[in-house]
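Hi,

Here is the structure I promised to pass on. Have a look at it first, and then read my notes below.

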Amino acid sequence: MRFLCVWLFLVASSLHAQDGVEVDVELFLAVDVSRSMQPYELEIQRRGYAAALVSPEVQAAIAGGFLGRIAITYVEWAGADHQREIVPWTVLATPRDAARVAAQITAHFDEGMRRTSISGALTHAADSIYANGFDGLRRVIDVSGDGPNNMGDPVTQARDAVLARGITINGLPLMTQDEGLMARWNIPDLDVYYTACVIGGTGAFVVPVLDWSEFEDAVRRKLVLEIAGQPVRLWRAQARAEAQAPYNCMIGEEIWLRNRDIFALP
């Protein structure tokens, strides 16, 4: 009997999305790989997510859920039609599951892609969530990025469409401030941009990364909050955004128009 129970659990943990498995949360990890990101930064991102997923804190958050399992996918994005699936939708219920996903994320490291379309990433993520066949108690898009939207639909239009489908959007703005040519694509208040223009839904929040040395810890904390579904206090950007005049959510498109003659485009 014990063997049968173990076998059934393993089968349930490896079910394909179309089998309609119930999970605590459907979590879409949307990771920025635009060309404003350096190769070493792309590697830091993958290794950071892999380490966070196998961490005791994230494993405890998964085990502490109502069902004790989540569904997750890891997709890299850049331009409006540039989304690269690294880990297809899969169930995470055990440390072994997490180790398998972490190995997929770090199996190899790809190059970046052109442009920055947060709106394209959000639309793709929402469609993927609705097509994955899982039945989550919550649905969350975790989107990272080092700059504002500069391609595709306006980011607020995509955000509002995603929120209308009952999906929460959380943000991981990468405020590491590149130097040199790529600095022209940066904005100094990316955390405010994400708060005002990108995130939304129940308990939505941002966790900025100010230095790459903070990345793994920031991802781990963010995943714990998203998996546990705990309400959190928004980052200081919320107060800043509320205190300011309405934010210009087209700032990325305006920067692009001013600099589109530059050869090395992100």
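This is a predicted model: local features need pLDDT of at least 70, side-chain atom pairs count only at pLDDT 80 or more; totals for chains, interfaces and linings use all residues.

Let me start with a histidine: H108 counts as partly exposed, because its relative accessibility is 43%. For the cut-offs, buried means under 20% relative accessible area, exposed means over 50%, and partly exposed is in between, with a 1.4 Å probe and protein chains only. H108 is found in the loop between α4 (95–105) and α5 (118–131). Its C-alpha is 9.4 Å from that of R46, although H108 and R46 are 62 residues apart in sequence.

Residues are numbered from 1 along each chain as its sequence is written, and side-chain values use heavy atoms, with hydrogens and water left out.

Now the overall picture. The protein chain has 10 helices and five strands; these are DSSP runs numbered from the N terminus, with helices being H or I of at least four residues and strands being E of at least two. Of the 266 residues in the protein chain, 53% are buried. Taking the contacts with a separation of 6 or more, 81% are between residues 24 or more positions apart, where contact means heavy atoms within 4.5 Å. Helix α7 (residues 190–198) is mostly covered, with eight of its nine residues buried. Among them are L190, D191, Y193 and C197.

Next, the salt bridges. A search of the whole structure finds 12 of them, each being a side-chain nitrogen of Lys or Arg within 4 Å of a carboxyl oxygen of Asp or Glu.

- R47 with E43: the closest N and O atoms are 2.8 Å apart. The two residues are four apart in helix α2, so about one helical turn separates them. R47 is partly exposed, with a relative accessible area of 42%, and E43 counts as partly exposed at 31%.
- D142 with K222: here the closest N and O atoms are 2.7 Å apart. D142 lies in strand β4 (residues 135–145) and K222 in helix α8 (residues 215–228), so the pair ties together parts that are 80 residues apart in sequence. D142 counts as buried at 1% relative accessibility, and K222 is buried with a relative accessible area of 0%.
- E216 with R220: the closest N and O atoms are 3.6 Å apart. Both lie in helix α8, four residues apart, about one turn of the helix. E216 is partly exposed at 37%, whereas R220 counts as buried at 17%. E216, D217, R220 and R221 are linked in a network of salt bridges.

K222 turns up again with a ring: it lies over the face of F205, at 5.8 Å from the ring centre. R165 lies over the face of Y130 in turn, at 4.6 Å from the ring centre. The rule is that NZ of Lys or CZ of Arg is within 6 Å of the ring centre and within 35 degrees of the ring normal.

So which charged residue is buried yet has no salt bridge? That would be D24, and the nearest side chain of opposite charge, R138, is 6.7 Å away (Lys and Arg count as positive, Asp and Glu as negative; His and the chain ends are not counted). D24 has its place in strand β1 (residues 22–32). A polar atom of its side chain lies 3.1 Å from the backbone nitrogen of F66. Beyond its neighbours within four places in sequence, D24 is in contact with residues including I62, F66, I70, G136 and R138.

Last, the aromatics. Rings of Phe, Tyr and Trp (its six-membered ring) pair if their centres lie within 6.5 Å; planes under 30 degrees apart count as stacked, over 60 as edge-to-face and the rest as tilted. The count by this rule comes to seven aromatic pairs. Y49 and Y74 have ring centres 5.4 Å apart and planes at 80 degrees, so the pair is edge-to-face. Y49 lies in helix α2 (residues 39–53) and Y74 in strand β2 (residues 70–77), so the pair ties together parts 25 residues apart in sequence. Both Y49 and Y74 are buried. W212 and F215 form a tilted pair, 5.5 Å centre to centre with 45 degrees between the planes, and both are buried. Y49, Y74, W212 and F215 form one aromatic cluster.

Cheers

Notes: A polar contact is a pair of N or O atoms within 3.5 Å; within protein, one must be able to donate a hydrogen and the other to accept it, and residues adjacent in sequence count only if both atoms are side-chain atoms.
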